[in-house]
Amino acid sequence: RKPNESALEQGERVARALARALTERDTGGSALATAESELFASLGADPRPGYARLLDALSPDHVAWLEPRGTWMSLAQANHDSVAARGRDLLRGPFRLAVLSNQDDAQGAATVRAFERWLAPWRDEPRRCQATAERAARASEITLSVSGDSAAESAYVAVPFSSRLKFDREAEGIAVLLNSANGPLARALGASQISASTQTSVIGGGRIAALIVEIHASDDEARRATQEARRVLERLARTPLSADELKDVIHAAELRIATSALDPRRRVVDLWRGVAPASPPSPLGVRAFQAALNPAAEVVVYVAHKD
């Protein structure tokens, strides 16, 4: 708080700063280029067309439900006009404002009123979020031919499930199990003497989510490794874990919860969502997540490399 500034005045000042950030964005060439550069860097050094194709197959027309930052292709298509138009749409659309007051409820109310006054010129009539028709993912096997280093991408296997908000702890614990050097995926590859490396991750949010296995190998070995990964994921969806595997999943979830609890951003998100502090998943919760996996909608993408 500034000297001689009341709690209400502080709230109003913060509201004006937020409103200015929303309404006075600099979408000029340098600002847009800087924003795009930061997003490109966060997505990785390579375009990964195979990964982009996987996201599109899992969530047709709504890749952002799985990857909010978009893909290299979608970022490359952004320009000054499209960014400015989207900014105007956001100003006119529904808003939810939450205030964490450091004084009392009156300070929060004053902050909300100041924010609403500033945005009033852009909001001529109340609007509601429009229901979006969802296109369910369908099982598909895709081969994508690209030029470049074979180490960049080899193959992906993805099994969708309904919502990460419901199964976040269970999904992350399963991903840790599949990434383990002694996990079912590593054992399957070793038993078949397949030279390949894999990385399992969880993507998505409340609308759709997926468990993804990324495979790195030569083109010939990638096919064999992919078939093994598909078998492991199918067994995972249909067969309960062993006692040791279940113990490892719950332990991995406990570690993730403890780490997240130390992150102030995580606590703010939980407060925003109105959820209680996370607790470790139960054996029944892990089994419910396994049952929620949908192998019938499995998406496989092979990335073939041309000479």
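Which helix holds both Glu234 and Arg238? Good morning, everyone; I shall come to that after a word on the model.

This is a predicted model, in which local features need pLDDT of at least 70 and side-chain atom pairs count only at pLDDT 80 or more, while totals for chains, interfaces and linings use all residues. Residues are numbered from 1 along each chain as its sequence is written, and side-chain values use heavy atoms, with hydrogens and water left out.

Side chains of opposite charge can pair when their charged atoms come close. A salt bridge here is a side-chain nitrogen of Lys or Arg within 4 Å of a carboxyl oxygen of Asp or Glu. By this rule there are 17 salt bridges.

To return to the opening question, Glu234 and Arg238 both lie in helix 9, residues 219-238. Helices are DSSP runs of H or I with at least four residues, numbered from the N terminus. The two residues are four apart, about one turn of the helix, and their closest N and O atoms are 3.6 Å apart.

Next, accessibility. Buried means under 20% relative accessible area, exposed over 50%, and partly exposed in between, with a 1.4 Å probe and protein chains only. Arg238 is exposed because its value is 54%, whereas Glu234, at 40%, is partly exposed.

In helix 3, residues 49-58, Arg53 and Asp56 are three residues apart, and they too form a salt bridge. Arg53 is partly exposed at 31%, as is Asp56 at 35%.

Finally, Arg164, Asp168, Glu172 and Arg256 are linked in a network of salt bridges. Thank you.
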